[in-house]
Amino acid sequence: TYFEELRYQKVTVPVHSDNESSIKLHEKLGFRREGTHRRMLYTQGRFVDVLWFGLTAEEFHETNV
């Protein structure tokens with residue numbers, strides 16, 4: 001896996017703040033919200049925030065997903 005074979009310590013992902021399905025998925029997988037870049041993206045005629053989620057190798061091994 002990403003953590004074992006490649007020996008990465010952490011994965012971070014950006015998620016648009018209006019994408020509720022993606023937010024719920026990452027939270028279900030054990031990702032933790034680490035920050036917000038406010039009004040970072042202009043899409044469909046408006047600005048949206050970009051949320052950053054992170055998951056460390058230790059957190060991954062603690063989850064039962």
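**View 1. Helix 1 packs its buried residues against strand 1 and strand 3.** The model is predicted; local features need pLDDT of at least 70, side-chain atom pairs count only at pLDDT 80 or more, and totals for chains, interfaces and linings use all residues. Residues are numbered from 1 along each chain as its sequence is written, and side-chain values use heavy atoms, with hydrogens and water left out. Helices (H or I, at least four residues) and strands (E, at least two) are DSSP runs, numbered from the N terminus. Contact means heavy atoms within 4.5 Å. Buried means under 20% relative accessible area, exposed over 50%, and partly exposed in between (1.4 Å probe, protein chains only). In helix 1 the buried residues are Ser22, Ile23 and His26. Seen down the helix axis, these buried residues fall within an arc of 100°, so they line one face of helix 1; the arc is that of the directions from the helix axis to the C-beta atoms. An α-helix has 3.6 residues a turn, so residues three or four places apart point the same way. Ser21, Lys24 and Lys28 are exposed and sit on the face of helix 1 turned away from its buried side. Glycine 30 follows helix 1 and has a positive phi, near 100°.

**View 2. Three strands form an open sheet in the order 1-3-2, with antiparallel pairing.** Strand 1 (10–16) and strand 2 (32–43) are the edge strands, each pairing on one side only. On average, neighbouring strands of this sheet are turned by 25° against each other, direction ignored. Axes are lines fitted to C-alpha atoms, for helices over the stretch in contact, and angles run from 0 to 180 degrees between N-to-C directions. Helix 1 (residues 20–28) packs on the sheet and touches strand 1 and strand 3; the direction of helix 1 makes about 160° with that of strand 1. Two strands pair if DSSP finds at least two bridges between them. Strand 2 and strand 3 (residues 46–56) run antiparallel and are joined by 8 bridges. Arginine 33 stands opposite phenylalanine 53 in strand 3.

**View 3. The largest nonpolar core has 10 residues.** A nonpolar core is a set of buried Ala, Val, Leu, Ile, Met, Phe, Trp, Tyr and Cys residues joined through side-chain atoms within 4.5 Å. The members are Phe3, Val11, Val13, Val15, Ile23, Phe31, Leu51, Phe53, Leu55 and Ala57. Strand 1 and strand 3 each supply at least two residues of this core.

**View 4. Tyr2, Phe3, Tyr8 and Phe60 form one aromatic cluster.** Rings of Phe, Tyr and Trp (its six-membered ring) pair if their centres lie within 6.5 Å; planes under 30 degrees apart count as stacked, over 60 as edge-to-face and the rest as tilted. The whole structure holds 4 aromatic pairs. Tyrosine 2 and phenylalanine 3 form an edge-to-face pair, 5.2 Å centre to centre with 90° between the planes. Phenylalanine 3 is buried at 10% relative accessibility, whereas tyrosine 2 is partly exposed at 33%. The rings of phenylalanine 3 and phenylalanine 60 have centres 5.1 Å apart and planes at 35°, so this pair is tilted. Phenylalanine 3 lies in the segment before strand 1 and phenylalanine 60 in helix 2 (residues 57–62), so the pair ties together parts that are 57 residues apart in sequence. Phenylalanine 60 is partly exposed, with a relative accessible area of 31%.

**View 5. Phenylalanine 3 and threonine 56 are in contact.** Leaving aside neighbours within four places in sequence, phenylalanine 3 is in contact with Tyr8, Gln9, Lys10, Val11, Leu55, Thr56, Ala57, Phe60 and His61. Threonine 56 lies in strand 3 and is buried, with a relative accessible area of 19%. Not counting residues up to four places away in sequence, threonine 56 touches Phe3, Gln9 and Lys10.

**View 6. Arginine 7 has a positive phi, as does glutamine 44.** Arginine 7 is not a glycine, yet its phi is about 60°. Arginine 7 lies in the segment before strand 1 and is exposed, with a relative accessible area of 74%. Glutamine 44 has a phi near 50°. Glutamine 44 is found in the loop between strand 2 and strand 3 and counts as exposed at 75% relative accessibility.
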